[in-house]
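Please consider the structure shown here. The briefing concerns how its parts meet.

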Amino acid sequence: MSRVPVKKTYKLYLGGAFPRSESGRTYEAEEHNIAQASRKDLRDAVRVARGATGKWAGMTAYNRGQVLYRVAEMMEARGAEFAEWTDKLAQVLGGANPVAGPYFNFTMPEPTGVVGIVAPGEPALLGLVSRLAPVLAGGNTAVVVASETHPRAAIELAEVLATSDVPGGVVNILTGRRDELAPHLASHLDVDALDLDRGDAELERAAAENVKRVVLGRGDVQSPYEISSFLELKTVWHPMGQ
Amino acid sequence: MTEIPAHPPPATLAFRGFEYAAAPESRAIVRLDDAYGLYVGGAWRDAAESYTTISPATEEPLARVGQASAEDVGAAVAAARGAYEDGWSALRPAERAKYLFRIARLLQERAREFAVLESLNGGKPIKESRDVDLPLAAAHFFYYAGWADKLEYAFPNRRPRPVGVAGQIIPWNFPLLMLAWKIAPALAAGNTVVLKPAETTPLTALLFCDVVRQAELPPGVVNIVTGDGRTGAALVEHPDVDKIAFTGSTEVGKAIQRELAGTGKRLTLELGGKAANIVFDDAPLDQAVEGIVNGIYFNQGHVCCAGSRLLVQESIQEPLIEKLKRRLTTLRVGDPLDKNTDVGAINSAAQLRKIEELVAAGEQEGAEIYQPPCRLPEQGYWFAPTVFTGVAQSHRIAQEEIFGPVLSVLSFRTPEEALEKANNTAYGLSAGVWTEKGSRILWMAQRLRAGVVWANTFNRFDPTSPFGGYKESGFGREGGLHGLEPYLRFDEDGA
């Protein structure tokens, strides 16, 4: 008896699990059935990403670097050069400030929080990894809207992440319609920064709703300073005395 | 060992009613013109419309000031572009540094004149403009002058280059200091600027034009356009401005971010705040009281990083509040030019209305108000130092920025609760922590979502120290090495 070809239906990656869209919808891309996330899925993803910030940011930079380096190895793709930066950021971007007074003063970089990423379409895998790696290296969590036309690279990445030591909820990947998901991501009040695949007046305007940091990422940029786009700088003062 | 004299016995507190003799700083050092134009391309340009700027302490008119139109702003941007291309950006960096050093020196030499004018036009106590605003403004020019020829060392392997023409919009709470924060790093990095001072406090920026002239800065490198929000909007919308830097309210900041959406223009925003000043039960209470007073009554509370929410550990709430109230009775409210004055005039009628509205809301929502007995002048805009106790997280006075001398007191039991309450705000500019326990300071400092954390101190500023907010308090940093970055582009930007 010959086998009947049944198209696999790929799912979302949310909180470390692979659920269907709560809407039950799918669409076709790259000759596969792909889950079509709803706005409710997006809200769930942001909530899960927010919940994961403490654990991920609370890991030592050393540990986070090792986890990410292993992911990069598994992917055999870009990302390793960002993973190596985790425990060097505070030394390159922070330090002591020689204020004119009897105070000890230092600045340290910190993750900005939850970053929304609208992934570039091409090159699908490299583009996505190049945008995600600096976000994660900086200790942020992410909600990714995968490329609508080339979603399989994001699904492949989700499968790698699911078997890695990156805690569930740190990366959440939604497949579906860009026009449906991206505006909602851009205006969401619990998203701290927005990484866009291209300049987009409508999304950038929506981002102003809660003064999001907007990054117009390019898939081919490798500079470690990309990481600083997703960091806050905190300065601490303390008097010096007896 | 020297004996430290004991605190005076309570009986001496009967010295209430003791009056300080007035010690006004002379206004004679300030020479005001009847009317000012706009400073464009190194010359004064007449504006078609003008308005009167006043002293908020007396409502006395000080001068007529130009209301720059979109056309005026266009002329200023063209002058800045011309100066940028006509040599400023290509000038040897060490030469740029010399101009900035000159400006710093001139500000120091003319410090008293600037301080008197700042207090006259803005209402802030002379001891603050003299001891804080002016020294810090000069220090910013000194600090960034030094970076002008060291950018390659500051940003190794990044080939830093200037951005172009910077449009800068500043607030009325620290008029000259905010001008220094904006202009010094921009010029050090090789940019030219068009700056709009706040509508109510244009005079020190206009006097600064004379410093620019004395320093022989090439025409067009610094342009000053005065006016209200319409002038600011024209600057933001101008297509030939490469970068906008704004300090002001979160509401206007959001409008600017919306306006710039899709244009690719660079933007930094330094916006509002609702800082928590957190006092633990092991803190030295007298020092903490001084820190609380400095945190909220400094500059009439017209400070974006003011410690406007006092979070006090429950076990010490009573003695701390009692000490605080007693300290409030010693604050001297009145003539900004009097050297004894601690709290000056509210900057404008509009700001006074806003403070009154929020204070009324505080009373309506059930918080308990305390104001020390003090005589406020009849003329001008005044508000007594105010403390609200029994404030709930949901009250407007716990959530909204009042930007006035009004403190909201909340209590907590555990460090976790303090943190939860402190971070429960859309803002994230600053925070304060008072405790003798070092590990707790670091634990709190790491978890507070704010750009500046003051531990066992408050409201300290320095040109080497980056300043700026998390969340809706804005993005980008001013001060330090980080303060140069918004004014530079790098090779990895691909340009």
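Predicted model: local features only at pLDDT ≥ 70, side-chain atom pairs only at ≥ 80, totals over all residues.

In it, 33 residues of chain B are in contact with 28 residues of chain A. Within chain B, the domain assignment gives domain 1 and domain 2.

**Contact between chain B and chain A**

- On the side of chain B that touches chain A, the elements giving two or more residues are helix 9 (250–260), helix 15 (438–447), strand 18 (452–455) and strand 19 (474–475) of chain B.
- Helix 9 of chain B gives the most to this side, with 5 residues.
- By class, the residues of chain B on this side comprise 13 nonpolar, 13 polar and 7 charged.

**Strand pairing across the chains**

- Strand 11 (residues 231–239) of chain A and strand 18 of chain B run parallel and are joined by 3 bridges.
- Val236(A) has Val453(B), in strand 18 of chain B, as its bridge partner.

**Domains of chain B**

- Domain 1 of chain B is assigned residues 35–271 + 472–493, and domain 2 of chain B is assigned residues 276–462.
- A distance of 30 Å separates the C-alpha centres of domain 1 of chain B and domain 2 of chain B.
- Their contact takes 21 residues from domain 1 of chain B and 26 residues from domain 2 of chain B.
- Helix 3 (111–122) and helix 4 (126–147) of chain B are the elements that give two or more residues to the side of domain 1 that touches domain 2.
- That side of domain 1 of chain B has 8 nonpolar, 7 polar and 6 charged residues.

Technical notes
Residues numbered from 1 in each chain as written. Chains lettered and ligands numbered in written order. Contact = placed C-beta atoms within 7 Å. Helix = DSSP H or I, 4+ residues; strand = E, 2+ residues; numbered from the N terminus. Nonpolar A, V, L, I, M, F, W, Y, C, P; charged D, E, K, R; others polar. Pairing = 2+ DSSP bridges. Domains from an automatic or database assignment.
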